[in-house]
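This report describes the model shown below.

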Amino acid sequence: MRLEEADRARLAGEGGAAAAIAMELVVAAGRAMGAGSLLDIAGAHVDGCLYHGLASLDFAEKLASTGGEVVVPTSLNVSSLDLLHPDLYRGDPLIAGRAKGLMDAYVAMGCSPTWTCAPYQLSARPSFGEQVAWGESNAIVFANSVLGARTNRYGDFLDISCALTGRAPATGLHTDEGRRATIRIDVVVPDSWLDDDLFYVVLGHKLGHEVGTEVAVVVGLDERADEDRLKALGAAAASSGAVGLFHIAGVTPEAPTVDAACQGSSPRRVIEIDAEDLRHVLADLSSPSTTLGAVSVGTPHASRSELGVLARLVAGRATRVPFYVNTGREVLAQADVDGHVAVIEEFGATIVTDTCTYITPVMRPSPGAVMTNSGKWAHYAPGNLGVEVVLATLTDCVESAVTGRVVVGGLA
Amino acid sequence: MTAVLVGGEAEGEVLALDAPLSFWGGYDPEEGRIIDVHHPQNGESLAGRILVMTHGRGSSSSSAVLAEALRLGTGPAAIVLEEADQILVTGVLVARMLYGVSCPVVVAEISASGRWRVSDRGIEPSD
């Protein structure tokens with residue numbers, strides 16, 4: 001691998017011990033990926049601040065205690081604790097202490113305490129073509145697909161290593177070639193589905209299954225696929241598959257046409273996805289349970305517009321079951337100005353920031369299935385929390401909460 | 001053709017996954033078993049096995065969970081992939097740096113089950 005003078009100096013320890021460790025990881029990962037060189041990044045989003053055991057803490061403390069300091073603007077992903085609502089935490093205090101230590105270590109390295117899995121909803125977000133190093137699968141796929149920024153799928157450890165060095169392996173989704181669509185997906189569904197949020201979630205899940213790590217261009221959607229829907233689609237695709245980038249012809253910035261997304265080549269594979277396929281996916285993701293235990297929405301973290309929609313749906317009503325809304329602290333502050341937070345809290349919902357209901361113990365035990373509008377939540381919660389999940393639209397989630405029983409329209 | 005992503009030597013029984021596994025949300029490093037209810041091999045342990053899968057999947061937190069599994073001794077002895085995956089490679093490298101645990105990662109094709117040896121020279125059956 002070709003290294004620049006500054007890279008070699010960092011490897012030799014001239015930037016301090018932490019920068020040398022970080023550089024070593026960036027180079028090793030780059031070699032593993034077949035990168036011929038490194039490139040400069042303009043920013044990073046670090047996922048390593050969520051506690052996954054002592055290995056995550058040992059690594060962060062090693063970097064922080066040996067002088068680690070980020071050299072590019074760096075946001076932080078969700079953590080294990082809600083620092084704004086600390087009483088919500090129901091887990092082991094020992095783990096909470098370690099999780100807090102982990103958060104402190106990343107802040108000590110100069111990362112911004114944004115604590116959100118949706119950094120693309122922050123006021124500062126990457127521009128088209130900008131090279132960044134992001135962790136968090138849903139954020140990665142959004143940055144690449146919707147913003148047209150360029151990042152590979154950076155895991156814990158490598159994300160902070162890129163932030164500490166300002167460098168990333170020049171390969172994969174950082175390059176034009178790596179962004180070329182090799183699969184074309186023809187979506188053939190009733191036009192009315194394009195107005196249904198649930199359709200985008202289920203399509204995303206199917207997309208992840210079909211394409212794995214490849215880049216697909218989806219045909220058959222239009223401008224109704226707005227940012228919130230693309231967020232849901234990408235999050236589901238990045239959970240069921242290793243999708244880091246998708247294109248949607250006529251919608252996403254690198255796909256004005258199918259031909260543009262394929263960069264003039266023919267797709268290697270063409271797949272048709274129809275209504276029947278998607279009904280099967282929904283049936284697989286969603287439990288037929290009719291007992292409602294709780295509702296959780298906002299995975300990935302709810303946007304300002306989604307909190308607005310939720311406020312309109314719940315205004316003047318009351319939930320009969322625990323109802324959780326996950327969002328980022330910056331978005332929460334904006335929604336507060338909008339007057340939406342008070343309405344949502346009056347409804348009886350619990351607002352969760354800095355973390356998420358499926359990665360840390362905040363939900364009160366409540367017999368019955370948990371309803372969600374998130375494909376990602378539906379995918380991971382059964383394993384993480386041992387709960388049954390019903391996947392439905394936000395409207396159905398609210399109607400169910402108000403009546404106290406599962407009401408689902410499904411994909412009609 | 002074999003490409004060595006992380007060097008080292010290991011020997012063990014092959015566990016060929018029928019679907020890619022996301023370590024985060026899919027593997028419990030404390031208990032040492034697959035906990036993804038959607039995964040065909042839900043409940044299986046990776047400890048000491050030669051993990052064979054096409055590619056990694058899902059969350060970018062998988063590096064940390066893999067490193068934690070290797071710290072606790074519930075991780076695989078080696079990983080054989082069809083496609084390189086930097087998320088898995090990073091987890092393995094950090095476990096080696098912090099705890100001196102070795103887990104070679106190679107891109108290769110394993111056609112049969114049984115015991116295999118993974119080294120910088122490639123992969124071979126060990127019986």
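In this predicted model, strand 2 of chain A, residues 44-46, pairs with strand 3 of chain A in the parallel sense, over three bridges. Within that pairing, A:His45 stands opposite A:Ser75 of strand 3. Both strands belong to an open sheet of three strands in chain A, which has the order 3-2-4 and parallel pairing. Strand 3 (74-76) and strand 4 (133-134) of chain A are the edge strands; each has a single partner strand, so one side of each has no neighbour in the sheet. Helix 6 of chain A, residues 158-165, lies across strand 2, strand 3 and strand 4 of chain A. The angle between helix 6 and strand 2 of chain A is about 140°.

Parallel pairing is also found around strand 6 of chain A, which spans residues 183-188 and pairs with strand 7, residues 216-219. From strand 6 of chain A the chain passes through helix 7 (residues 197-211) to strand 7, and this β-α-β crossover is right-handed. Strand 6 of chain A also runs parallel to strand 9 of chain A, residues 269-274.

| Strand pair (chain A) | Sense | Bridges | Residues standing opposite |
|---|---|---|---|
| Strand 2 and strand 3 | parallel | three | A:His45 and A:Ser75 |
| Strand 6 and strand 7 | parallel | four | A:Arg184 and A:Val217 |
| Strand 6 and strand 9 | parallel | six | A:Val188 and A:Asp274 |

Some backbone values deserve a separate look. Most residues other than glycine have a negative phi, and most peptide bonds are trans. A:Trp115 is not a glycine, yet its phi is positive, at about 45°. A:Trp115 sits in the loop between helix 4 (93-108) and strand 4 of chain A. Is A:Trp115 buried or exposed? With 24 other C-beta atoms within 10 Å, A:Trp115 is buried, because the cut-off for a buried residue is 20 or more.

A:Asp354, also a residue other than glycine, has a positive phi near 65°. Its place is the loop between strand 12 (350-353) and strand 13 (369-372) of chain A. A:Asp354 has 29 other C-beta atoms within 10 Å and is therefore buried.

The peptide bond between A:Thr299 and A:Pro300 is cis, with omega about -5°. A:Pro300 is part of strand 10 of chain A, which covers residues 292-302.

Chain A is divided into domain 1 (5-174), domain 2 (178-283) and domain 3 (288-403). The centres of domain 1 and domain 3 of chain A, taken over C-alpha atoms, are 28 Å apart. Where these two domains of chain A touch, domain 1 contributes 21 residues and domain 3 contributes 17 residues. On the domain 1 side of this contact in chain A there are eleven nonpolar, eight polar and two charged residues.

The contact between the chains takes 37 residues from chain A and 33 residues from chain B. On the chain B side, the elements giving two or more residues are strand 1 (3-6), helix 1 (62-72) and helix 2 (86-99) of chain B. Which element of chain B gives the most to the side that touches chain A? That element is helix 2 of chain B, with nine residues. By class, the residues on the side of chain B that touches chain A are 15 nonpolar, 13 polar and five charged.

Key. Residues numbered from 1 in each chain as written. Chains lettered and ligands numbered in written order. Predicted model: local features only at pLDDT ≥ 70, side-chain atom pairs only at ≥ 80, totals over all residues. Domains from an automatic or database assignment. Contact = placed C-beta atoms within 7 Å. Nonpolar A, V, L, I, M, F, W, Y, C, P; charged D, E, K, R; others polar. Pairing = 2+ DSSP bridges. Axes fitted to C-alpha atoms, helices over the stretch in contact; angles between N-to-C directions. Buried ≥ 20, exposed ≤ 12 C-beta atoms within 10 Å, placed from the backbone. Right-handed = clockwise from strand over helix to strand, strands pointing away.
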